[in-house]
Amino acid sequence: MSSARIEIAASILNADLGALRDAVQAAEAAGVDRIHLDIMDGHFVPNLTFGLATVESLRSATGLPFDAHLMILSPGLWATRYVDAGCESVAIHVEAPDQHRATLDAIRDSGGRAGLAPDPETPIESLGPFRNQLDFALVMTVKSGFGGQPYRPEAAQRIGEIRALVGERDGHRLPIHVDGGINATTARDAAEVGADLLVVGSALFRDQGPDGMSGAVRAIRESATR
Ligand code: DX5
Ligand code: ZN
């Protein structure tokens with residue numbers, strides 16, 4: 001087992017949406033590595049969160065890298081604008097009815113890292129055609145749309161299959177990000193099946209436990225240490 005340090009990305013989806021700047025800075029102080037921004041349009045998923053203007057406003061709140069997770073119908077229209085707004089990576093959903101080849105290339109051409117996210121019910125073969133255009137895969141262990149859902153181990157088990165399908169190229173290992181239901185218990189499972197980065201929302205902003213957010217970050221990191 002490698003001793004690779006797993007990265008933790010704080011999803012602010014379950015933070016106080018009226019105080020996102022404070023949430024980002026609290027997550028940074030608690031020791032997370034990145035900020036995960038769940039962009040939802042109310043059409044691709046039955047939920048509406050925040051968009052480009054919010055991301056642009058939050059950019060000055062921290063030096064941490066931003067990862068945009070676009071749960072929107074037209075990622076092709078928006079993806080590069082999130083790179084321009086200061087997102088280091090942009091993940092789009094393979095289920096979205098769009099031209100993923102052009103969008104993934106556009107994200108990379110604008111200097112961002114391009115990712116593709118399959119929901120738990122989506123056949124992983126759908127990622128295959130885009131394998132040479134990916135910088136990472138975002139594996140959903142919950143149905144995209146809401147935070148606070150329980151982790152689905154059967155979805156995490158697909159990490160190995162996704163890595164086999166798209167994850168090894170020219171000897172390079174494609175990073176696998178895992179999103180949904182991650183806490184100090186489920187982090188170990190996700191790490192053991194190959195996660196390189198864990199997205200954590202509720203376990204930081206809602207169910208922190210007695211030692212607050214930094215205690216939660218420590219517990220998740222310890223649990224995920226391989
Ligand atoms: C779902 C979102 C959430 C979020 C993490 O569409 O992508 O998974 O990032 O939320 P928790 O950690 O509360 O499951
Ligand atoms: Zn997400």
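Colleague: By class, which residues make up the shell around ligand 1?

Modeller: This is a predicted model. In it, the shell around ligand 1 has twelve polar, eight nonpolar and two charged residues.

Colleague: Which of the 22 residues around ligand 1 come nearest?

Modeller: Those are Asp 38, Gly 145, Asp 179, Gly 201 and Ser 202.

Colleague: Which strands each supply at least two residues of that shell?

Modeller: They are β2 (34–40), β3 (66–71) and β10 (197–200). The largest share, three residues, comes from β2.

Colleague: How much of the accessible area of ligand 1 does the protein cover?

Modeller: On its own, ligand 1 has 370 Å² of accessible area, and the protein covers 99% of that. As for its site, ligand 1 sits in the largest pocket.

Colleague: Which residues coordinate the zinc ion (ligand 2)?

Modeller: The donors are His 36 (NE2), Asp 38 (OD), His 69 (ND1) and Asp 179 (OD), at 2.0 to 2.2 Å. Their spacing in sequence is H-x1-D-x30-H-x109-D.

Colleague: Why does the pair His 36 and Asp 179 tie together parts that are apart in sequence?

Modeller: His 36 lies in strand β2 and Asp 179 in strand β9 (residues 176–179), so the pair ties together parts that are 143 residues apart in sequence.

Key:
Residues are numbered from 1 along each chain as its sequence is written. Chains are lettered from A and ligands numbered from 1 in the order in which they are written. This is a predicted model: local features need pLDDT of at least 70, side-chain atom pairs count only at pLDDT 80 or more; totals for chains, interfaces and linings use all residues. Side-chain values use heavy atoms; hydrogens and water are left out. A residue is near a molecule or strand if one of its heavy atoms lies within 4 Å of it. Accessible areas come from the Shrake-Rupley method with a 1.4 Å probe; for residues, only the protein chains shown count as cover. On a 1 Å grid over the protein atoms alone, a cavity is a set of points where a 1.4 Å probe fits but cannot get out, and a pocket is an open set with protein on both sides within 12 Å along at least five of seven lines; lining residues have an atom within 4 Å of a point. A molecule sits in a cavity or pocket if more than half of its atoms lie within 2 Å of its grid points. Helices (H or I, at least four residues) and strands (E, at least two) are DSSP runs, numbered from the N terminus. Ala, Val, Leu, Ile, Met, Phe, Trp, Tyr, Cys and Pro count as nonpolar, Asp, Glu, Lys and Arg as charged, and the others, Gly among them, as polar. Donors are N, O and S atoms within 2.8 Å of the metal (3.2 Å for Na, K and Ca); water is not among the atoms, so sites may look incomplete.
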